[in-house]
Amino acid sequence: MLTKFQNHIEQNFAQLKDKKLLLAVSGGIDSMVLLDLFYKLRFDICVVHCNFQLRGKESDGDELFVKVKSEKLKVKSYFIRFDTEEYTKENKLSIQLAARKLRYDWFHELLSKNQLDYLVTAHHLDDNVETFLINFTRGTGLEGLTGIPAQNGNIIRPLLPFSRLDIENYALENKIQWREDSSNATDKYFRNKLRHDIVPILKELNTGFLDSFQNTLHHLKQAESLVEDASQLVYEKVVAKKENRLEIHLKSLLEFQNYKAYLYQWLKDYGFSAWNDIYDLVEAQSGKQIFSETHILLKDREKLILSERKTSIKSEVFFIESIESKVNIPLKLSLYRFSGGKDVNSNCIFVDESKLKFPLTIRKWQEGDEFYPSGMGGKKKLSKYFKDEKYSLLDKENQWLLCSEDQIVWVIGKRADNRFIAKETTQNSIKIEVEQ
């Protein structure tokens, strides 16, 4: 196995040469074999071990075992103890999810602080089978059936081509010691039930099951690659990126029979889970929204608009105390006296200083707001202006107003108020400009 492992590393992970590797070592057979292989191949390694304090003295014994082995090999090691049960209660997570989050958060912290290049874990072929079956039984998209990735960013899983039997035989042949985790013997966890009851039957029914499984994964990954290629081609025709949002044009989208599949591919990484609601949004009334923890998907006439959810600052008011001011929050704005030619554009206005009452304010719109749009003869409700200008709900929420007392001076970046615009007879003009 050592020769096969070396060839596997040279062919698929050549980038690990001369890199600093952090090996996740629990003390179990898989991670102890991983440690032995990398040690014998003379890689620059150090060891990390997490004590989740879930099995009392047994957990402490695992920690001591890994410490002694690291010292014997003269390999630098890192150890930590987590109060996993308390963390589980505080964050309302299952034990497995809590332990996973705790360890990976710490692993990434160690990588950053100690200038280590890669984290290496001992996931193997049988783990891949179990993960596939878990995803399959719970329901998943194609990506959930392509198995554990051999590399995910700076996380490397070099044992994935090797079975549990390969690892056990190597450990016995090389007299490697390891610790048994008593929790692996119980069927309390779904993964263990699959490991003990289902996978052995599959191997019995097909003696070449693991080889067949690897072939299936290979075909599924090829299919996934085709889906990604098709998705990108359609994306370029249908989706436009504008500032900090994406706009999905529905007329173009609906030209494709499998438009739901494309929506899934484009939106699955933004935390959405109510897929039927998202598909229904295509035919919904304008203004309807779907929320994930991080994003909003809005139906706006002939578009779906995806944007980040931001902490609401609608009620916040920002003050400009005097002329010759520069404002950086909530946007960059400058004011100064001006006597030159008026190069008017959407990012600046020229106003009559005598009409302003300081401090000026910058705020979001409110129901009942009205102003006298430049170029028009009378006043208009701001809500009607938004409608005429075809503002989406997100546009309205993101629009800032510059006000003098309770009067709108400028719908910033869009339209000034006639009452404040500098005329030819104006003695003192102020240029107010949005800086890009």
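Here are some questions and answers about the structure above.

Reader: What kind of model is this, and how are its residues numbered?
Author: This is a predicted model, in which local features need pLDDT of at least 70 and side-chain atom pairs count only at pLDDT 80 or more, while totals for chains, interfaces and linings use all residues. Side-chain values use heavy atoms, leaving out hydrogens and water, and residues are numbered along each chain, as its sequence is written, from 1.

Reader: Is Gly-141 buried or exposed?
Author: Gly-141 sits in the loop between α6 (125-138) and β5 (151-152). Its relative accessibility is 19%, so Gly-141 counts as buried.

Reader: How are α9 and α11 oriented to each other?
Author: Axes are lines fitted to C-alpha atoms, for helices over the stretch in contact, with angles from 0 to 180 degrees between N-to-C directions. The axes of α9 (residues 209-238) and α11 (residues 259-267) come within 10 Å and cross at roughly 95°. Angles under 35 degrees count as roughly parallel, over 145 as roughly antiparallel, 65 to 115 as roughly perpendicular and the rest as oblique. That is why α9 is, relative to α11, roughly perpendicular.

Reader: Which residues of α11 meet α9?
Author: Contact means heavy atoms within 4.5 Å. From α9 come Val-227, Glu-228, Ala-230, Ser-231, Val-234, Tyr-235 and Val-238, and on the α11 side they meet Tyr-262, Gln-265 and Trp-266.

Reader: How far apart are the end C-alpha atoms of α5?
Author: The expected span of a helix is 1.5 Å times one less than its number of residues. Helix α5 (residues 95-113) has 19 residues, so it should span 27 Å, and the distance between its end C-alpha atoms agrees: 27 Å.

Reader: What is the phi of Gln-115 near?
Author: Gln-115 follows α5. Its phi is positive, near 55°.

Note on methods. Helices (H or I, at least four residues) and strands (E, at least two) are DSSP runs, numbered from the N terminus. Buried means under 20% relative accessible area, exposed over 50%, partly exposed in between (1.4 Å probe, protein chains only).
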